[in-house]
Amino acid sequence: MARMKQVKHLASVDALRAHLEDLGVEIPIDDEVDPAGALAQPLVITDGSAGTMTAPNRWAVLPMEGWDGEADGRPSDLVRRRWDRFAASGAGLVWGEATAVRLDGRANPRQLVLDETTLDEFAALRARLDPSQLAGLQLTHSGRYARPTTAGPAPKTVYEHPLLDARVGSGPAEVLADGELEELVEQFIDRAVLAHRAGFDFVDIKACHGYLGHELLSAFDRPGPYGGNLEGRTRFLRSIIAGIRRQAPELGAALRLSLFDFVPHTAGSGGVGAPEIPGPYQLAFGGDGSGLGIDLAEAHQLLDMLDGLGVGLVCATAGSPYYVPHIQRPAYFPPSDGYQPPEDPLVGVARLIAATNQIAHRHPNMTVVAAGLSYLQEWLPNAGQALVGRGMADAVGLGRMILAYPGMPADVLAGRELNRRLICRTFSDCTTAPRSGLVSGCYPLDDFYNQREERIQLAAFKKAAKARFR
């Protein structure tokens with residue numbers, strides 16, 4: 001595979017446009033970024049129950065978890081440091097990190113857990129943000145990717161998967177019964193009420209990246225009330241939101257949604273990602289049946305259902321970091337357990353932008369936050385301004401970029417030159433570190449992490465993993 005040209009080597013907007021043309025994809029890019037332009041405008045979110053919520057600008061912090069809470073699910077000093085950086089970022093909306101609704105639903109042994117015993121510390125976490133920032137909390141159960149203790153994976157799935165079951169590495173996964181899902185619905189509702197008591201403006205019922213809420217959307221062959229047709233496959237999400245409306249009507253409801261999915265990929269020849277199986281693949285929500293194509297018909301139907309429940313905020317993402325990271329977070333450098341990108345990462349960025357544009361235009365009552373933009377690097381503000389200015393998204397979300405360069409929104413809004421030293425280059429260390437049992441963070445660019453002893457362990461882990469791509 002020919003070596004790809006990295007974005008960091010494109011010295012001008014015109015050079016980026018020319019490269020996009022060579023790739024045959026479209027990403028809107030403004031020549032200049034106006035500090036008082038589209039990204040500086042207030043973001044108004046209309047929630048059918050909570051009413052109108054307003055953020056001071058169009059920048060959003062996306063849910064960035066650090067695998068660094070306390071063993072009992074409480075925030076640690078590392079969590080508080082991250083949230084302090086979110087507070088100082090200048091972003092008008094802070095979409096708080098993945099928080100498990102119960103201990104055995106954690107994706108890692110250090111994930112945050114919200115319950116009565118941790119409520120006060122979540123309230124203190126919310127209080128660290130600027131009062132002008134809209135703040136949400138992402139509620140989750142990790143399902144197939146549950147790993148709540150150091151003993152290893154403890155997956156809880158909603159159907160048997162012909163490819164993913166073998167990847168978990170812990171023997172047959174436990175398939176949750178209908179009664180267990182009903183219990184989880186009530187736990188999500190209860191934790192949403194707690195989030196409201198803690199001072200959060202909205203909660204996100206996570207439906208992305210292969211976790212429980214997302215996997216249910218592809219439970220085509222599951223019998224009973226939580227599978228089969230779209231009504232059944234969306235019952236879990238809809239029941240939670242309806243319950244939140246009853247028990248915490250002043251709390252906003254949001255969704256981070258994987259709009260589409262692809263067939264699981266694996267490292268093929270030369271370590272380059274390739275479909276694990278050729279031909280048709282029928283288990284991708286938002287897929288066209290081929291395994292590599294998109295059909296957003298069901299995503300639109302789901303968003304219509306949520307609109308009917310008054311949901312006013314959605315973050316558009318795709319796929320999963322576990323089996324198709326190149327469509328979920330396009331990057332030049334893969335995580336240690338991933339594969340070399342099978343396409344120029346800008347193709348993945350353009351794919352996400354196109355899908356985001358579709359839902360923004362089809363669902364005008366919803367506020368749509370774009371994601372997956374970090375690979376645009378220094379041109380991210382130019383693209384973000386173009387997206388918002390043209391109505392292709394309502395806000396620009398920063399994920400990995402916010403770990404490396406939390407002050408990017410503040411610098412853009414103040415008209416300051418970007419700090420190129422801090423711009424995320426998608427090295428993927430923030431993923432490789434937790435995959436090797438270390439806390440997440442931007443080890444290459446954040447001096448705080450670069451000086452921690454985990455850096456030496458991470459370097460050794462990466463060196464060993466490189467053999468896979470030779």
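Where is the place of Ser-428? Ser-428 sits in the loop between α14 and α15. I'll come back to that loop. One thing before we go on: this is a predicted model.

Let's take the whole chain. The protein chain has 17 helices and 15 strands. Its C-alpha atoms fill a box of roughly 55 × 50 × 45 Å along the principal axes.

Buried residues make up 61% of the 470. The accessible surface comes to about 17300 Å². Carbon and sulfur atoms hold 49% of that surface. On charge, there are 46 positive and 56 negative side chains. The centres of those two sets lie 6 Å apart.

On to the cores. The largest nonpolar core has 126 residues. Which residues have the most contacts inside it? They are Ile-27, Ile-205, Phe-236 and Leu-257. Helix α11, residues 345–362, gives this core its largest share, nine residues. Look at Ile-27 on your screen. Set aside residues up to four places away in sequence. Ile-27 then touches Leu-20, Leu-346, Val-349, Ala-350, Ile-353, Leu-376 and Ala-383. There is also a second, separate core, with 16 residues. Among them are Leu-134, Phe-202, Ala-371 and Ala-395.

Now a glycine. Gly-291 lies in the loop between β12 (273–275) and α9 (297–308). Is Gly-291 buried or exposed? It is buried, because its relative accessible area is 3%, and the cut-off for buried is under 20%. Leaving aside neighbours within four places in sequence, Gly-291 is in contact with Phe-262, Val-263 and Tyr-281. Compare its position with Asn-108. Gly-291 and Asn-108 are 183 residues apart in sequence, and 29 Å apart in space, C-alpha to C-alpha.

Back to the loop I opened with. Thr-426 is found between α14 (408–413) and α15 (429–435). Thr-426 has a positive phi of about 55°, although it is not a glycine. Ser-428, in the loop between α14 and α15, has a positive phi too, near 75°. Ser-428 is also a residue other than glycine. Are they buried or exposed? Thr-426 counts as buried, at 0% relative accessibility. Ser-428 is buried as well, with a relative accessible area of 8%.

That's my tour. Thank you.

Methods: Residues are numbered from 1 along each chain as its sequence is written. This is a predicted model: local features need pLDDT of at least 70, side-chain atom pairs count only at pLDDT 80 or more; totals for chains, interfaces and linings use all residues. Side-chain values use heavy atoms; hydrogens and water are left out. Helices (H or I, at least four residues) and strands (E, at least two) are DSSP runs, numbered from the N terminus. Buried means under 20% relative accessible area, exposed over 50%, partly exposed in between (1.4 Å probe, protein chains only). Accessible areas come from the Shrake-Rupley method with a 1.4 Å probe; for residues, only the protein chains shown count as cover. Lys and Arg count as positive and Asp and Glu as negative; His and the chain ends are not counted. The place of a charge is taken as NZ of Lys, CZ of Arg, CG of Asp or CD of Glu. A nonpolar core is a set of buried Ala, Val, Leu, Ile, Met, Phe, Trp, Tyr and Cys residues joined through side-chain atoms within 4.5 Å. Contact means heavy atoms within 4.5 Å.
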